[in-house]
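The sequence and the structure come first, and the points follow by topic.

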Amino acid sequence: MREVELKIPNLGEAEDTEIIEISVKKGDILNKNDPIIVLESEKAAMEVPSDFDGKIKDIKVKEGDSVREGTIFAVIEVEDNEDSTQEKEEINSSSSETSPIENKTQRIEKASIDFSGINAGPAVRKIARELEIDLKKIIGSGKNKMITKDDLKSFIHSNSNIQKLEYADLKSLEIFGDYVIENQSKIRKAGAKNLTQSWQSIPHVSHFEEADITKIEQQRRDLNKISSIKITPLAYIIKATSLALQDFPLMNSSLVDDGKLMLKKYINIGVAVNTDQGLVVPVIKDVNNLKIGQIAENILEISTKARDKKLMKDDIEGSTFTISSLGGIGGTGFSPIINPPEVGIIGVSRARNMTTLLNGNLVEKTILPFSLSYDHRVINGVDAGEFMNFIKSTIEKGL
Ligand code: CAO
């Protein structure tokens, strides 16, 4: 056995460089090419890997130190017969004018991820830095829990399409008192995933409006006298929205592939329905061709199917826009979360009666608050305002 001093190699353009990470500790057993330290210059970060199989005997520097070519940064114990690229190159460099050993450093993208204490090879670290992956989140399957390329690949694979849901740590909460644990239904779990993904990937903006529904409330009362099923304000809102979608095709679109806009020529409205298993969104197809009474029938049919767990695949597919009504529950306004790949969703709140002055006379009116959350990548504020004005005036005129 012999001890070899490891020196900072020729770094090319950089003079003083800072040590931003020490990847090993005294006593660590290294394989050739395992990273020992990471240096950072103004232009890049570079890993300095080991030239030997061996054991770290001493570390001569600490994070934050400035170093330059030739600075001894560690001592490694190697087998007597171990050959060293560094030693070879040092011999070469004494006999030749220029022999940059920059290839000994692994040039990597500058990033501020902390990899201290991580057991991973340089290639894994390099990819992780480039993709800004926190290696602390990966449990290594290699020797001494080393993170292998396969560990990294499966982590990337399992996180590529879905956003990771953040959950609280049960252990940190159970100290505060008694509790029960309940399993979540599949619908709730899927809903949680979809809502999180939508919220994290779509820039949402909400627009709030109110409509005077006095006229349609009168129509509704009249219709309900002759209708075999109950017609609620929601049927009118769905109808008015379908007419607005005809006039504002941008609202009836999806961002597809590499950012192209798909403008759909059909209008299918998803209706959020609350069930014991969670929220489901069955779809009323070709709404613009339906009359108020038919829309009411559809609402009843899909909500009954949803609550009786009788929805088929076709009932929940193909919506181009969604409406979520909490009108029967209450509230003065809320910001619903967009149902991807759609670009807008309307939230309906509870109508209220109010008296107002009209031509010097006190009149009673029914006012309906409703809101629109929209994808700001596709819709701008003016589009949203005009779309909502259209719905408001359509409702106020009467349908
Ligand atoms: N203002 C005042 N009253 C309203 C109203 C409104 N905007 N909307 C409905 N109502 C009234 C109805 O007229 C009905 O009154 P009566 O009982 O006196 O007849 C009552 O509220 C209950 O209506 P409903 O909820 O049964 O029917 P609906 O057509 O309004 O809604 C459905 C149907 C399936 C959408 C609804 O039952 C439902 O599940 N809503 C929850 C959706 C949800 O959870 N959304 C939140 C998701 S977060 O984005």
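In helix H8, the buried residues are Ile292, Ile295, Ala296, Ile299, Ile302, Ser303 and Ala306. Viewed along the axis of H8, they fall within an arc of 140°, so they line one face of the helix. The model is a predicted one.

**Helix H8**

- H8 is made up of 16 residues and spans 23 Å from its first C-alpha to its last, close to the 22 Å expected at 1.5 Å a residue.
- The cover over the buried residues of H8 includes helix H6 (214-226), H7, E13, strand E14 (273-275), strand E15 (278-280) and strand E16 (283-284).
- Lysine 309, which follows H8, has a positive phi, near 55°.

**Nonpolar cores**

- The largest nonpolar core has 45 residues, and those touching the most other members are Ile238, Met251, Ile323, Ile346, Leu372 and Phe387.
- Two or more residues of this core come from each of helix H7 (233-247), strand E13 (269-271), helix H8 (292-307), strand E17 (321-325), strand E18 (344-348), strand E20 (361-375) and helix H9 (381-397).
- H7 gives the largest share of this core, with 8 residues.
- Another core, of 21 residues, lies apart from this one and has Ile8, Leu30, Ile56 and Ala74 among its members.
- Neighbours within four places in sequence aside, isoleucine 346 is in contact with Thr241, Phe321, Thr322, Ile323, Ser324, Pro336, Ser371, Leu372, Phe387, Met388 and Ile391.

**Aromatic rings**

- The whole structure contains 3 aromatic pairs.
- One of them joins phenylalanine 248 and phenylalanine 387 edge-to-face, at 5.7 Å centre to centre and with 85° between the planes.
- Phenylalanine 248 sits in the loop between H7 and strand E11 (253-256) and phenylalanine 387 in helix H9, so this pair ties together parts that are 139 residues apart in sequence.
- Phenylalanine 248 counts as buried because its relative accessibility is 18%, under the 20% cut-off.
- Phenylalanine 387 also counts as buried, at 0% relative accessibility.
- Phenylalanine 248 and phenylalanine 390 form an edge-to-face pair too, with 5.9 Å centre to centre and 80° between the planes.
- With phenylalanine 248 in the loop between H7 and E11 and phenylalanine 390 in helix H9, the pair ties together parts that are 142 residues apart in sequence.
- Phenylalanine 390 has a relative accessible area of 23% and is therefore partly exposed.
- One aromatic cluster is formed by Phe248, Phe321, Phe387 and Phe390.

Notes: Residues numbered from 1 in each chain as written. Predicted model: local features only at pLDDT ≥ 70, side-chain atom pairs only at ≥ 80, totals over all residues. Heavy atoms only, no water. Core = buried A, V, L, I, M, F, W, Y, C linked by side-chain atoms within 4.5 Å. Buried < 20%, exposed > 50% of the residue type's maximum accessible area, 1.4 Å probe, protein only. Helix = DSSP H or I, 4+ residues; strand = E, 2+ residues; numbered from the N terminus. Contact = heavy atoms within 4.5 Å. Expected span 1.5 Å × (residues − 1). Arc of directions from axis to C-beta. Phe/Tyr/Trp six-rings, centres within 6.5 Å; stacked < 30°, edge-to-face > 60°.
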